[in-house]
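Hi,

Here is the structure I promised to pass on. Have a look at it first, and then read my notes below.

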Amino acid sequence: MALPRALLQYICGIVLLVTSVNALKLDLAADSRLRCVRNFVAKDTLVVVTAIVSGSKGDGQTVNMVIKDALGNEYGRPRDIAGESRVVFTSHADAAFDVCFENILSGGRGNPYRHIELDVDIGADAKDWSAIQATEKLKPVEMEMRRMEEMIGEIVGEMDYLRAREQRLRDTNESTNNRVKWFGISTTLLLIVLWGWQIMYLRAYFRSKHLI
């Protein structure tokens, strides 16, 4: 059965978005402050972080990089990097991870900046498909189909994760609404009881004073 045209356009749009190059260029000042780039990754996902740093070692600036996730897992800490530096790791949990840079000025010479080109490849994009094609003797079309299949699988997995997360949030919201409802009912009943007790107490007080 043919898929609707709108659905095909939606799927193609997602695939093109995922296949787009996730590159970032920035100028890092030598002020010893951390500059971080955050991304989200699912558990047991291959990630390749490639940083191309201008300058050279010993030029009075020291660029350090650290990669860690929101749960405290550290995946790499290259020191004094210049040129191309690559870190490959497999994520330990469903969490956001940060790629952080710091530039420490150790001498007074030169331009106190380093230019950095950062490229983060996740999942299917992180694999060396040329090596896979050579090892498994795949045709270019077969390799491209294999890559697209893995990418679509990742998209489906992410959508399932988002659906499960939405379900948990909805359950939490319903539970909270239920608790608020019963709290409101309990508070109303308590106020009614206090109102009745105050009336009875004031009536008894006024009678004891022969005011009524």
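Before anything else, a contact here means heavy atoms within 4.5 Å. What you have is a predicted model, in which local features need pLDDT of at least 70 and side-chain atom pairs count only at pLDDT 80 or more, while totals for chains, interfaces and linings use all residues. Residues are numbered from 1 along each chain as its sequence is written, and side-chain values use heavy atoms, with hydrogens and water left out.

The protein averages 83, and 87% of the residues score at least 70. Residues 7-21 are the stretch to be careful with, as pLDDT stays under 50 there. For that stretch the model has 13 contacts beyond four places in sequence. Where pLDDT is low, the predicted coordinates should not be read in detail.

Now the overall layout. I count helices and strands as DSSP runs (H or I, at least four residues, for helices; E, at least two, for strands), numbered from the N terminus. On that basis there are three helices and eight strands, and from the N terminus on they run α-β-β-β-β-β-β-β-β-α-α. Of the contacts with a separation of 6 or more, 75% are between residues 24 or more positions apart.

Two strands pair if DSSP finds at least two bridges between them.

L26 has I116 as its bridge partner, and K25 stands opposite E117. Strand β3 (residues 46-53) also pairs with β8 over seven bridges; there, V48 has D121 as its bridge partner.

Another open sheet of four strands has the order β2-β7-β4-β5, again antiparallel. Here β2 (35-41) and β5 (74-76) are the edge strands with a single partner each, so one side of each is left without a neighbour in the sheet. Neighbouring strands of this sheet are turned by 25° against each other on average, direction ignored. Strand β4 (residues 61-69) meets β5 over two bridges, and I67 has G76 as its partner in β5.

What does M65 touch, leaving aside its neighbours within four places in sequence? The list is A51, G76, R77, P78, I81, S85, V87, V99, C100 and F101. M65 itself lies in β4. At 1% relative accessibility, M65 counts as buried, where buried means under 20% relative accessible area, exposed over 50% and partly exposed in between (1.4 Å probe, protein chains only). M65 and V99 are 34 residues apart in sequence, yet their C-alpha atoms are 7.1 Å apart in space. Across the protein, buried residues make up 25% of the 212.

Cheers

Key. Axes are lines fitted to C-alpha atoms, for helices over the stretch in contact, and angles run from 0 to 180 degrees between N-to-C directions. pLDDT is the predictor's confidence in each residue, from 0 to 100.
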